[in-house]
Amino acid sequence: MEITKEAIRAGFDKYLCDKGSQHDYTLMYHETFKELTGCARMLEIGVGAGRSALAWREILPSTELTFLEKTPYEGMLEEAKALNIVVGDSARASVVSALFRDAHPFDMIIDDGDHRPDFQFQTFLNFENRWTQAYVIEDIIGQENERLLRRRLKSHGYNNMRTYSSKLSNGSLRMNGKVETNVPFYAMVIFPNATEAPQPE
Ligand SMILES: C[S@@+](CC[C@H](N)C(=O)[O-])C[C@H]1O[C@@H](n2cnc3c(N)ncnc32)[C@H](O)[C@@H]1O
């Protein structure tokens with residue numbers, strides 16, 4: 001499906017979402033949507049003030065949007081409160097299976113919840129078989145963590161992913177007992193493994 005970079009960026013900017021001017025994940029989403037045959041259902045993990053939730057409603061007006069939030073924020077934008085927000089912790093397998101047991105698989109899932117790699121990987125495992133076309137992990141902090149996630153995904157059988165750099169490089173990270181600052185952010189898109197063309201009989 002084709003969604004122009006301008007339309008994606010305008011949606012982010014309209015709601016002052018940091019995926020626009022701050023991280024600039026516009027190109028990543030533009031290229032990711034191009035790979036999808038359509039996006040009837042999408043889930044985003046992590047709502048915060050509701051800025052990306054409202055941006056997605058603008059960018060994907062025909063998509064059934066679901067959001068998962070562990071701790072709904074009191075100051076959430078009034079407009080966002082009307083969206084389909086499910087309360088729960090994406091990193092707890094029992095919570096995810098109880099909440100999404102009967103849900104149709106999502107075409108795409110975005111994890112913009114807890115940015116620590118153990119939680120990002122656990123969340124990915126909890127949503128395995130619940131997405132069909134793309135799974136996005138936003139805000140991986142530091143190259144080490146990007147490599148760690150890539151290794152874990154590969155050893156779990158996934159081999160079709162792309163990493164994008166965020167425009168922001170002001171993450172902070174505890175490494176070997178000391179806090180590193182000015183650490184770059186990355187985002188990763190995982191696609192289903194490419195299937196080989198069937199051999200002629
Ligand atoms: C970075 S903010 C989300 C921003 C929002 N997606 C946007 O772009 O406007 C992260 C949110 O994820 C939520 N969160 C953190 N860990 C979570 C988890 N394990 N499950 C669900 N939500 C989580 C936090 O409570 C917080 O509201």
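Modeller: We begin with burial: a residue is buried if 20 or more other C-beta atoms lie within 10 Å of its own, exposed if 12 or fewer, and partly exposed in between, with the C-beta atoms placed from the backbone. Helices (H or I, at least four residues) and strands (E, at least two) are DSSP runs, numbered from the N terminus. This is a predicted model, in which local features need pLDDT of at least 70 and side-chain atom pairs count only at pLDDT 80 or more, while totals for chains, interfaces and linings use all residues. Residues are numbered from 1 along each chain as its sequence is written.

Colleague: How many residues of helix α3 are buried?

Modeller: In helix α3 (residues 51–59), 7 of the 9 residues are buried, so the helix is largely enclosed by the rest of the structure. The buried residues are R51, S52, A53, L54, A55, W56 and I59.

Colleague: Which elements do the buried residues of α3 pack against?

Modeller: Two residues are in contact if their C-beta atoms, placed from the backbone, lie within 7 Å. The buried residues of α3 pack against α1 (5–14), β1 (41–45) and β2 (64–69).

Colleague: Which residues come nearest to the ligand?

Modeller: A residue counts as near if its C-beta atom, placed from the backbone, lies within 6 Å of the molecule. Of the 22 residues around the ligand, G46, G48, S52, G113 and D114 come nearest. The elements giving two or more residues to this shell are β1, α3 and β2.

Colleague: And what of the chain as a whole?

Modeller: The chain has 6 helices and 9 strands, and 37% of its 201 residues count as buried.
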